[in-house]
Amino acid sequence: MTQDNPSAPPQERGLYETFEHDPEGADRAFFGRLAHADRRGFLNGAGLATMGAMLGMAIPFHRTMPQGLVPAAFASQDVLTGKDGLTLLNDRPINAETPAHLLDDAITPTERHFIRNNGLPPDETDAAGWTLSIDGLVDTPMELSIEDLKSRFETVTMALVIECGGNGRAAFDPPARGNQWTLGAVACSNWTGVRLKDVLTAAGVKPEVVYTAHVGADTHLSGDPDKLPISRGVPIAKAMTDDVLIAFEMNGGPLHVQNGAPLRLVVPGWPGSCSQKWLRRITLRDVVHDGPKMTGTSYRVPNRPVAPGEEVDKKDFVIIERMPVKSLITSPQTDTGVGRSVEVRGHAWSGDRTISAVDLSIDFGATWMKANLDAPVNSGAWQNWRADIAFPQAGYYEVWARATDSDGAMQPFAINWNPKGYLNNTMHRVAVQVS
Ligand SMILES: Nc1nc2c(c(=O)[nH]1)N[C@H]1C(S)=C(S)[C@@H](COP(=O)(O)O)O[C@H]1N2
Ligand SMILES: [Mo]
């Protein structure tokens, strides 16, 4: 199994460097496999004149335009083909979040599910011929096609929350390196698949197993075939719960290629990184898995509260397990005008727990009112809530939402700083102008 090399230089190359070394690869990383074929013409010497002609105007800064770069005017839709309204945070690897107001649906449509890639998605994502290996400390190692999964195990559909451990990172001060997610690295789509537990049981889990190890078919940013971009796992007890799925359908259709087509894990309520996409292999181990992004400071936080900016020894980091209690206001959209009365709505979730209350404030936290909260449609789903709010007069207001979970944990107002900017579950504040 490939190991993390802590002394390796950072893998994310600059734009110019990338295009200079490998314009075709850069183009593909930039625009994805589907777009690649149509774009080839550009790389094979599409001159400035051609580009200008297609844009219908000159490119004043053409001297600083990387050679091989396809103008975003042609390509912006292609990067996020099949997605709607997502904000692109990074294109190598592709990372895109969903603005809060576009997460208004009870079940997140496929085109609004965020994308968090650590490497480059595989070229081949056909369901036919795809296999999943179950190996390591099992009685009977297995190699299963997607058809095998469907015919041998019970198929279930569940609404499940996937939230990136770094969601909310943009709010950290001092800033933390990594994708500057604001609020939208979270989604709750309907996932159809088989229970991981059923598959592991069929393979026979040996008594000494403590952890799973997940391997996907994506490629490391360096292009090195011997390196995995990410390989995480979960404690075997978590893997054997009822709501961890090996999914082959998303919202009743195929998985989006950027969301792991044709097969992925969905581990709701834990850092999204546990939910391996383009799933090829699950190995059972008798040690805590130490694959890439399991060790060091990846998806790990200090074992105690630390002061903002404080240096923390690597040995004092612990693996993030369940995600904390959180809520999102999905309507009204922040910075919009509303009338004197408005319905406020959104979602709330807390990993491995349920939400017991969502409270709203329009007076900067002086007083709170209860929102009307739905039960989860199944365990692992977020809970929808709504409230009719009346504003006493015209002016500037903030709507704040604060969720409390079944263990009494409540969202904080202030951020709990940590070096990599994980687990920001502060209250969501929405600005409204009441007319
Ligand atoms: N194979 C593979 N699986 C992966 C990743 C990845 O880069 N490669 N990213 C992980 C991370 S960090 C997150 S938050 C979720 C995001 O899932 P999504 O892109 O479908 O929203 O996928 C996880 N599974
Ligand atoms: Mo993530």
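This is a predicted model: local features need pLDDT of at least 70, side-chain atom pairs count only at pLDDT 80 or more; totals for chains, interfaces and linings use all residues.
**Figure 1. The protein chain is built from seven helices and 22 strands.** The chain has 435 residues, of which 52% count as buried. When contacts between residues at least 6 apart in sequence are considered, 71% of them join residues that are at least 24 apart.

**Figure 2. Ligand 1 takes up the space of the largest cavity.** There are 19 residues around ligand 1, and those that come nearest are Phe114, Asn118, Asp218, Arg264 and Lys277.

**Figure 3. A side chain and a backbone each place an atom beside an oxygen atom of ligand 1.** A polar side-chain atom of Lys277, which is one of the residues that come nearest to the ligand, lies 2.5 Å from an oxygen atom of ligand 1. For Arg116, by contrast, the atom concerned belongs to the backbone, and this N or O atom lies 2.9 Å from an oxygen atom of the ligand.

**Figure 4. Gln276 places a polar side-chain atom beside a nitrogen atom of ligand 1.** The distance between this atom of Gln276 and the nitrogen atom of the ligand is 3.1 Å. On its own, ligand 1 has 530 Å² of accessible area, and the protein covers 100% of it.

Definitions and conventions:
Residues are numbered from 1 along each chain as its sequence is written. Chains are lettered from A and ligands numbered from 1 in the order in which they are written. Side-chain values use heavy atoms; hydrogens and water are left out. Helices (H or I, at least four residues) and strands (E, at least two) are DSSP runs, numbered from the N terminus. Buried means under 20% relative accessible area, exposed over 50%, partly exposed in between (1.4 Å probe, protein chains only). Contact means heavy atoms within 4.5 Å. A residue is near a molecule or strand if one of its heavy atoms lies within 4 Å of it. A polar contact is a pair of N or O atoms within 3.5 Å; within protein, one must be able to donate a hydrogen and the other to accept it, and residues adjacent in sequence count only if both atoms are side-chain atoms. Accessible areas come from the Shrake-Rupley method with a 1.4 Å probe; for residues, only the protein chains shown count as cover. On a 1 Å grid over the protein atoms alone, a cavity is a set of points where a 1.4 Å probe fits but cannot get out, and a pocket is an open set with protein on both sides within 12 Å along at least five of seven lines; lining residues have an atom within 4 Å of a point. A molecule sits in a cavity or pocket if more than half of its atoms lie within 2 Å of its grid points.
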